[in-house]
There are 2 protein chains.
Amino acid sequence: MSMTKNNENRIILPEPTIRRLPWYLSYVKMLDNLHVEYVSSTQISKELNVQSSQIAKDLSFLNVRGKTRIGYEVPSLLKELEDFLGFNRHHDAVVIGTGSLGTALMQDHGLEHYGLNIVAGFDVRSEVIGQHLGGLPVYDVSELAAWQRQHRASIAILTVPVESAQHIADLAIASGITALWNFTPCRIKAADDVVIANTSIYAHLAIIYNRMQNTNIEFRQD
Amino acid sequence: MSMTKNNENRIILPEPTIRRLPWYLSYVKMLDNLHVEYVSSTQISKELNVQSSQIAKDLSFLNVRGKTRIGYEVPSLLKELEDFLGFNRHHDAVVIGTGSLGTALMQDHGLEHYGLNIVAGFDVRSEVIGQHLGGLPVYDVSELAAWQRQHRASIAILTVPVESAQHIADLAIASGITALWNFTPCRIKAADDVVIANTSIYAHLAIIYNRMQNTNIEFRQD
């Protein structure tokens, strides 16, 4: 990722930090379920194999302070992590392309626990338009702009065939979508104020294959 | 990602390069479908917004040479990219955890075009064990070790609940799986010779949310 800060004084978190925070969250959530009261960065470090100084640095972005020799209070750390990551707020999203992956995302209610509120699906195929998937309506993608004027979803999840990806992205942005979660291998071009996150599962496959040919190397994808 | 090379002299591709190669592949595939014969790194650069010197460097790892002023031959570049990325070879995989995401992956025949040959699913829930999903059998996860002695799949796709992830990973590795594609937010611990790729969709969500609060910044996730 390339990232540049604009001239205003907003704090943009380094991406490696944002990537580690969900690990801490998942571990702290488990501790909270076990009614553990305190956790130190040394403990988190041991569990997650991240340097404890790095953990202290990452958590310093949050509104939470550890106590010497005791560590962080588990329930407050849990709440701060969820707040900070945006998992406690609702973000309305649409799925564009209701093939197998799009359908799975519409049916996966687990994403709701992470603040993602999928409200509708869009497709071009007449056999799915007008149907429901995971209890959510599927509309014709040509209706997206009109639909958006009423619903104002902020995120579009792109699970369309790669050859339609750029065109559909343009359409979504023109209709007021501000963030694209792109699951296609297409490199979407858009204005700088559009947030684009690429979950490139094909790239991850390529990485797995490459590493499998080169075993006995230390490797962890962050 | 952290990556260290072992003492033997194997070439481990830098991960940013591996991440970019599928973009080139997707673009070159499109050109090939349009029967375009040659493509220059300048053209690829313009299309994908990657410096052309970077493209030339990335492609130098492949067994393909561009011609001055003409560029790369599209069909050869396509073949070399697919070969190099491992998408032309079959890699047998199992899905462990046949919830909505696991089921979607078992039904998604698109992954076959990227060399991923999912052959079976495993679960702990009696209502799915013995069923078929996407034409593939679902077995009891307790049968994995015995099943592996006959089938020797190399990759396990982990789509289990986060609290079972480490236990299931241990089980998969003990049964001879050499690569884990981890879709859970759990930070899997394993010996260094096990390849682990984390597709952390929750981390990607957190990144989207964080960037949405900070619009007007240039941002692209690679």
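A: Helices (H or I, at least four residues) and strands (E, at least two) are taken as DSSP runs and numbered from the N terminus. Residues are numbered from 1 along each chain as its sequence is written, while chains are lettered from A and ligands numbered from 1 in the order in which they are written. The model is predicted, so that local features need pLDDT of at least 70, side-chain atom pairs count only at pLDDT 80 or more, and totals for chains, interfaces and linings use all residues; side-chain values use heavy atoms, with hydrogens and water left out.

Q: Where does A:His35 lie, and what is its phi?

A: Most residues other than glycine have a negative phi. A:His35 is not a glycine, yet has a positive phi of about 60 degrees. This residue lies in the chain A loop between α1 (15–33) and β2 (38–39). A:His35 counts as exposed because its relative accessibility is 70%; buried means under 20% relative accessible area, exposed over 50% and partly exposed in between, with a 1.4 Å probe and protein chains only. In chain B, B:Asn49 likewise has a positive phi of about 60 degrees without being a glycine. B:Asn49 is found in the loop between α2 (41–48) and α3 (52–59) of chain B, and at 60% relative accessibility it counts as exposed.

Q: In what order do the strands of the open sheet of chain A stand?

A: Two strands pair if DSSP finds at least two bridges between them. The open sheet of chain A has seven strands with mixed pairing, in the order β6-β7-β5-β4-β8-β9-β10. At its edges stand β6 (132–133) and β10 (195–198) of chain A; each has a single partner strand, so one side of each lacks a neighbour in the sheet.

Q: Why is strand β4 of chain A described as largely enclosed?

A: Five of the six residues of β4(A) (residues 91–96) are buried, so the rest of the structure largely encloses this strand. β4(A) runs parallel to β5(A) (residues 116–123), joined by six bridges, and A:Ala93 has A:Ile118 as its bridge partner in β5(A).

Q: Which strands of chain B does helix α6 lie across?

A: Contact means heavy atoms within 4.5 Å; axes are lines fitted to C-alpha atoms, for helices over the stretch in contact, and angles run from 0 to 180 degrees between N-to-C directions. Helix α6 (residues 144–151) of chain B lies across β4, β5 and β7 of that chain, at about 155 degrees to β5(B).

Q: How many disulfides are counted over all chains?

A: A disulfide is a covalent bond between the sulfur atoms of two cysteines. With the rule that the two sulfur atoms be within 2.5 Å, the count over all chains is zero. A:Cys186 is buried, its relative accessible area being 13%, and B:Cys186 is buried with a value of 13%.
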